[in-house]
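I opened the model to look up two things.

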Amino acid sequence: MELGLKGKNALVTASSKGIGKACAEALASEGCNVMICSRNVADLMQVSQDLIQNYGTNIQWFQCDLRIKEEIEALVKETFRAFGTIDIVVNNCGGPPSNNIFKISEEDWNNAYQEILLSVIRISNLVIDSMKQNNFGRIINITSVAVKQPIQRLVLSNSLRNAVLGYAKTLSNEVAPFNITVNNVAPGYTLTKRVYDLAVEQAKISGKSHEEILKSYTQDIPMGRLGKPEEIGNLVVFLASEKASYITGQTIYIDGGYIKSI
Ligand code: NAD
């Protein structure tokens, strides 16, 4: 299927590792120019070098902490400078800390609010005028199955990611006449390094092996395995493409059947 993505310009946030990196790679593999960002310069340099070598498109990187307004403004400005236009935005972010609901501090709430919700709003506000002028745009927010089936100890995610859904639905209605779609992708348990490291940590505490811990994560997944980051990338590529032109305001779960409800 020709997805019509060759030469399109994409900004993918929090993309030096895991799901964000897989989204950047999937878009680059379809011929997109991609701006990647995170806080870690060494990782960004390595990922951009790999993507250039493997796909030969224009890959740029920018150091940015998604909790800081001025850094987001600089990121978007640099993306426009590098590519001229921004056709596709994938709003990903780092995972907020997990803890007992009564042990989450106001500072934790504030940081998670900045990173999970406000970064999406800030970036959308900065790109929407240009997308309107081009009569094309794709905004894809990476959220979590926690928006439908809250996960114990992840109250920050359970709460703030639903605010992203409310924002995205409202925005999608506003910008639909300009051929701009706004959708959310909600991954279930996906085997990124973060999830692997969590299993290793949990193994140390529990006395079980990390393989056993990883296996335990799959108990509630009908497919019997964790997701792969590239599977999230494939969905994002489709939503970013010309072929997904009539899908907007939606949240698409990609979880091997994990969510129990209809
Ligand atoms: P990861 O830790 O592998 O990657 C996170 C990326 O975000 C890294 O590139 C990191 O450098 C970057 N990052 C972190 N904080 C940042 C900040 N303040 N500013 C800029 N960049 C920052 O994580 P992942 O497993 O790929 O998860 C990505 C997102 O998807 C998270 O929000 C996570 O909660 C969510 N999610 C993950 C899973 C899963 O099972 N892996 C499931 C559902 C939702």
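I count two strands as paired if DSSP finds at least two bridges between them. Helices (H or I, at least four residues) and strands (E, at least two) are DSSP runs, numbered from the N terminus. The model is predicted, so I note that local features need pLDDT of at least 70 and side-chain atom pairs pLDDT 80 or more, while totals for chains, interfaces and linings use all residues. Residues are numbered from 1 along each chain as its sequence is written, and side-chain values use heavy atoms, without hydrogens and water.

Entry one: strand 2.
I found that strand 2 (residues 33-38) and strand 3 (residues 59-63) pair in the parallel sense over five bridges. Ser38 has Gln63 as its bridge partner in strand 3. Strand 1 (residues 9-12) also runs parallel to strand 2, joined by four bridges. Leu11 is bridged to Met35 of strand 2.

I then checked burial (buried means under 20% relative accessible area, with a 1.4 Å probe and protein chains only). Six of the six residues of strand 2 are buried. Asn33, Met35 and Cys37 lie on one side, and Val34, Ile36 and Ser38 on the other.

I looked up polar contacts, which are pairs of N or O atoms within 3.5 Å. A backbone N or O atom of Ile19 is 2.8 Å from a ligand oxygen atom. For Thr190, a backbone N or O atom is 2.7 Å from an oxygen atom of the ligand. Thr192 uses a side-chain N or O atom, 2.7 Å from a ligand oxygen atom.

Note on methods: Buried means under 20% relative accessible area, exposed over 50%, partly exposed in between (1.4 Å probe, protein chains only). A polar contact is a pair of N or O atoms within 3.5 Å; within protein, one must be able to donate a hydrogen and the other to accept it, and residues adjacent in sequence count only if both atoms are side-chain atoms.
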